[in-house]
Amino acid sequence: MTGNAIDRWQKSYCPYCGVGCGLLAGIKDGAVAKIKGDSEHPSSRGDLCLKAVYLPETLRTDDRLLYPQIRSCQEGPFKRASWQQTFKYLANRFRQIIDDHGPEAVAFYGSGQLTTEEYYVGNKLAKGFLGSNNFDTNSRLCMASAVAGYKTSLGADGPPVAYDDIDAANCFLLIGSNTADCHPVIFKRIKQRKLKAPDDVMIICVDPRRTETADFADLHLPIRPGSDIALLNAMLHVLIEQNLLDHEFIAAHVNGFAELRETVKNYSPKTAEEICVIPECLIVEAALIFGKARRALSLWSMGVNQSAVGVHKNNAIHNLHLATGQIGKPGAGPFSLTGQPNAMGGREVGGLSHMLPGYRSVENPRHREEVERFWGLPVGSIAPQAGLSALDMFDAAAQGKIKAIWILCTNPASSAPDLDVIEKALRQAELVVVQDAYHPTATTKFAHVLLPAAQWSEKEGVMTNSERRITYMPKLAEPPGEALADWQILTGFAREMGFAAGFPYESAEEIFAEYAALTENSLCDCSAASYARLKSDGPLQWPVTASSPAGTVRLYADGKFPTGDGKANFISIEHGGPVEDVDDQYPLLLTTGRLKVHWHTMTRTGKVEVLRKTSPEPILDLHRADARRFGIRDADFVEVISRRGKVMVQCRVTEELPKGTCFLPFHWGRDHGFFKAANNLTISARDPLSRQPELKACAVRVRQVVDFPLEDN
Ligand code: SF4
């Protein structure tokens with residue numbers, strides 16, 4: 001054994017993206033020292049991307065938050081406090097605010113980085129015991145439109161497919177997803193499928209930018225941001241004209257075809273060409289590839305969801321699958337890729353402000369009563385209206401209606417759109433509680449109370465990935481200082497509030513057992529899962545029930561959907577462009593997105609030198625023709641200005657995106673330099689149903705910061 005030898009390897013789960021790769025963590029002297037892929041994890045089969053490899057460097061950093069701290073005003077110094085003093089202080093403040101202003105004056109803003117158990121405890125506390133449905137999560141910014149899309153089209157949330165379907169698909173429709181950068185391990189699997197059967201597998205990529213994903217695709221449709229519905233309706237138009245529908249499937253399993261057919265009549269490929277700025281022939285080709293495929297799989301993420309018509313974009317994808325019967329069978333189906341490691345778990349436990357555990361709805365009296373009885377609460381304890389969604393919560397705080405906001409495991413002062421509003425909300429609130437592993441962050445700057453949280457590897461719990469697979473994560477090392485698991489912090493506060501009987505938990509395992517029992521007979525039933533089973537049998541795909549204890553690979557294989565009559569719904573929808581279109585003053589459409597080496601607001605990846613050096617600064621991508629139009633050269637520093645704010649960054653002149661469109665990564669917040677934050681520019685317009693914001697399109701203008709003599713680009 002050398003001095004660097006690892007003491008032991010333990011299985012875990014990647015805490016970055018929704019692919020949910022299995023990890024092997026090498027423990028040395030009680031700390032995580034090395035990471036490699038877990039070849040036994042069925043979702044990733046030993047693969048990993050670079051972010052996970054460098055996880056050890058993010059754990060014991062100088063900016064770890066080590067003990068609770070309190071200050072009376074945002075300008076004052078923090079004072080260290082014990083956990084007991086902190087819980088007492090918080091309980092007094094919450095009681096006073098609720099007494100004075102009602103429970104709707106308090107709010108919790110969580111994260112898809114929380115474990116399922118932590119999500120569950122937070123929801124139970126807010127919705128059941130405090131009487132406030134204002135528990136929402138940053139998943140609202142990520143997949144709320146996918147949730148509402150599945151619910152309206154198929155009857156319930158939950159991706160019906162599995163990663164195994166990648167190995168069987170003949171056609172991939174990748175839409176609004178730079179899979180190569182954002183879900184690298186899935187992209188690798190798609191590539192392997194294509195390379196194994198190059199003539200039998202076709203990949204269509206719909207993305208304004210020529211990304212690595214688009215580059216690998218057989219067909220790239222460089223769509224104008226915000227015009228997806230016109231494209232998808234036109235594809236269906238072609239399928240109807242070419243008689244490439246599955247009429248038997250439609251008749252037996254879907255409602256609403258006649259109305260849909262009337263709607264898409266108006267979306268000829270020629271019409272779509274004008275809206276999407278894609279040649280008509282490419283639209284027809286995409287439709288024919290999809291329609292003729294034996295098995296078609298659509299994969300999408302933020303490019304579809306982050307839109308003021310995000311739900312309808314999801315519906316339009318489902319329409320294609322339902323019309324062709326491409327669902328419920330191997331290699332086929334609509335697959336929304338989740339952004340975060342436990343975005344799915346958050347959906348299952350009711351982590352959105354309109355939901356309750358087990359895909360129940362706050363607005364459904366029967367669902368409320370089931371949960372109230374289960375939690376031992378009097379009937380009527382849960383408020384009957386949906387709480388405020390993420391951005392509505394911040395709006396309400398900015399207007400003085402939310403007095404206390406408790407932020408867990410996320411960094412909205414960097415990640416949310418239109419940062420001026422978020423900062424105003426955080427300044428306006430009487431009490432800002434931030435529970436995080438690190439300090440300072442863009443958000444902790446506004447805290448009155450800082451709560452040190454244990455992070456990945458320092459606590460146990462489960463998470464669910466994009467394919468509904470639940471993985472158990474053991475505690476691998478002790479948290480630093482006085483940091484506690486998020487569920488322990490919430491439980492301590494709940495007990496101080498006088499709710500000890502409802503929060504008797506001494507372990508995450510007890511919480512999971514309670515939650516799993518509450519899911520019985522729901523679509524996301526995991527009542528036959530337990531820590532013991534997850535440890536011995538490995539990760540399981542829900543539903544995991546007494547009748548299917550090994551889990552369920554794909555949903556709706558029997559053609560029965562969880563609706564009143566067992567049929568899915570075609571949703572007829574019209575094209576709706578970006579809320580803020582270009583004009584003379586703001587002639588470019590800005591779209592934002594991720595880079596391969598960074599994660600969200602870089603509170604972790606920004607600490608890894610090799611990742612930081614790979615992409616040290618935000619760069620604006622600008623089309624060559626637009627660069628000429630505005631007198632900008634490659635590598636110039638430019639001001640990017642929207643109706644909400646300004647960014648100053650270097651510019652890369654390129655032809656990898658359409659004329660009239662520019663791109664800026666969103667990872668940098670104001671704490672990295674005020675004018676580096678893409679969210680100075682973005683718009684907080686949101687989908688009326690999902691309340692997901694339109695982070696993918698807003699109007700901007702650009703100008704060179706320093707006037708150099710103009711040369712040809
Ligand atoms: S693909 Fe996602 S889950 Fe897998 S290692 Fe990379 S960041 Fe982690």
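## Confidence in the model

The protein has a mean pLDDT of 96, with 99% of its residues at 70 or more; pLDDT is the predictor's confidence in each residue, on a scale from 0 to 100. This is a predicted model, where local features need pLDDT of at least 70, side-chain atom pairs count only at pLDDT 80 or more, and totals for chains, interfaces and linings use all residues. Residues are numbered from 1 along each chain as its sequence is written.

What about residues 708-713? Here pLDDT stays under 50, and the model has nine contacts for them beyond four places in sequence (a contact means C-beta atoms, placed from the backbone, within 7 Å).

## Domains

The domain assignment, automatic or from a database, gives domain 1 (8-58), domain 2 (69-142 + 341-541), domain 3 (144-336) and domain 4 (588-704).

Take domains 2 and 3: their centres, taken over C-alpha atoms, are 34 Å apart. Twelve residues from domain 2 and eleven residues from domain 3 make the contact. On the domain 2 side, that's five nonpolar, three polar and four charged residues (Ala, Val, Leu, Ile, Met, Phe, Trp, Tyr, Cys and Pro count as nonpolar, Asp, Glu, Lys and Arg as charged, and the others, Gly among them, as polar).

Strands are DSSP runs of E, at least two residues, numbered from the N terminus, and two of them pair if DSSP finds at least two bridges between them.

Strand 20 (residues 469-473) pairs with strand 21 in the antiparallel sense over two bridges. For Arg469, the bridge partner in strand 21 is Gln541.

Notes. Helix = DSSP H or I, 4+ residues; strand = E, 2+ residues; numbered from the N terminus. Contact = placed C-beta atoms within 7 Å.
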